[in-house]
Amino acid sequence: MDALNNVFVNIAYAIRGLFADPQSVWANLVMSVINFIIVVVIVVLAALILILLERKVAGWTSQRPGPNRLGPRGWFQTIADALKLMGKEDITPAGADKFIFKVAPMIIFSLPMMTLAVIPYGSGMAPIDLDLGIFYFLAISAISTVAFVMAGWGSNNKYSLLGGMRAVAQMISYEIPLLFSLLGVVMITQSFNLGVIVQDQKNIPFILIQPLAFVIYIIAGMAELNRAPFDLVEADQEVVAGPFTEYSGLRWGLFFLGEYGNMTAVSALAATVFLGGWQGPGFFPGWVWFWMKVGVIIFFIMWARWTFPRIRIDHLMHLAWKVLLPLSILNIFLTGLGIYIYRLVMGG
Amino acid sequence: MFGKGLLTGLGITFKRMVGPNITEFYPEQKPNLPTRVRSSMGLDRSKCISCNMCAMACPNGVIKLTSEKDENNKKVLKSYHMDVGRCLFCGMCAEVCPTKALTVTQEYENSVYEPGDMQWDMIKRAERKGKVG
């Protein structure tokens, strides 16, 4: 089991061993490039699998089998989808702000790669072991707001702009409870480093200590991802497709990949911070545990999407500012109180 | 409890998810049609007495039939055409038919490529299908 657990770490050591000095600049550079490629592959693979899984889950909830034509039980459908997207014409609207219009999908797609780079996929398997991991993660994922506004503004379309504005209102509001919900865990572990947070969950995952924070994180995370029931940004009946209205072909595909990449990133952070990351009973290697936990959270997010109707925009703001924010502050207060009492009792 | 409805909703969709699909894979599996489906017409030429009542009963004037008299001075059906593009499948023609020569049937694969193909020659159809009604 140890060998399986450390298989990727050992491969990394082997690659480093090819260099005369395993810690030299060149060795580090090569490892960084390899890590980057791995993260890109993770994002693309996750998106490809999740696009199909989303349609399958949508089918199952409405008692259909989902896509079922291409490949065994339709599991190759994504290939056809990707080919279709590639074959589409790349349209830039006449009045568009061309640079902003073209850059926005690239930013969206690059964000999950940057955020997934700090997640520890297994024991010692974080592509970048950052001391400010959570902080970095939240800061990077907040940039996606800007990209949505860029897409909305650059399209020169009123629905796109409305969608972009909604994205700002919604994502900035939900950023705060999201951040505060993670703060409880940071208070307990006294560290922003995701690796340390996973180490500290050796005996008990933080979801049992911080259940309220976990619920707040999942709700705020779904709102951050602009997924139903919080898909006000791309509410079809109200603003066509929001910022994506004017996009076609691969640029639209990048938005799509970015959405699923971000979903993977949010789920990965939830699995790391609340579900114990790669810690788990011994019968699977750590990285298998990690991806299983991520899968469960992704499935829950999809399940919620195909269950709940869209929330009204005033209710959305109400939920963020009047419910989730006070609850998250209460959670921080209770956590602080708990830590204080624990220290008093243990004499720490 | 606050939020109880959300949990109920999740429970319902989960039950749907693990439950059986209600989809029928149409080209591979033939659907079980309800008994009251009316989707096609069938003619038994030997029973038809060319009384023209079906054509009179039809609200859209879909049915055109011609007949000739045989040596016993009885009417024999010569041609029977239906313009199915205008047919409602209301079944009034079959209802009014005194010998039950014309019946409503449940064949449903009636799509055609050309508009002209919707002019059904009922005698030929009956012969081609090798069955009546």
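What follows is a short exchange on a predicted model.

Me: Where is Asn226(A) found?
Reply: In chain A, Asn226(A) sits in the loop between helix H10 (211-224) and helix H11 (236-239).

Me: Is Asn226(A) buried or exposed?
Reply: Buried, because 24 other C-beta atoms lie within 10 Å and the cut-off for buried is 20 or more.

Me: Over to chain B. What about the phi of Phe89(B)?
Reply: Phe89(B) also has a positive phi, near 55 degrees, and is a residue other than glycine. Phe89(B) lies in the loop between strand E3 (75-83) and helix H3 (92-96) of chain B.

Me: Strand E3 came up. What is the strand order in the chain B sheet with E3?
Reply: The order is E2-E3-E5, in an open sheet of three strands with antiparallel pairing. Strand E2 (63-69) and strand E5 (119-121) are the edge strands, each pairing on one side only. Direction ignored, neighbouring strands of this sheet are turned by 20 degrees against each other on average.

Me: How many bridges between E2(B) and E3(B)?
Reply: Seven, in the antiparallel sense.

Me: Which residue in E3(B) is the bridge partner of Glu68(B)?
Reply: Glu68(B) has Val76(B) as its bridge partner there.

Terms used
Residues numbered from 1 in each chain as written. Chains lettered and ligands numbered in written order. Predicted model: local features only at pLDDT ≥ 70, side-chain atom pairs only at ≥ 80, totals over all residues. Helix = DSSP H or I, 4+ residues; strand = E, 2+ residues; numbered from the N terminus. Buried ≥ 20, exposed ≤ 12 C-beta atoms within 10 Å, placed from the backbone. Pairing = 2+ DSSP bridges. Axes fitted to C-alpha atoms, helices over the stretch in contact; angles between N-to-C directions.
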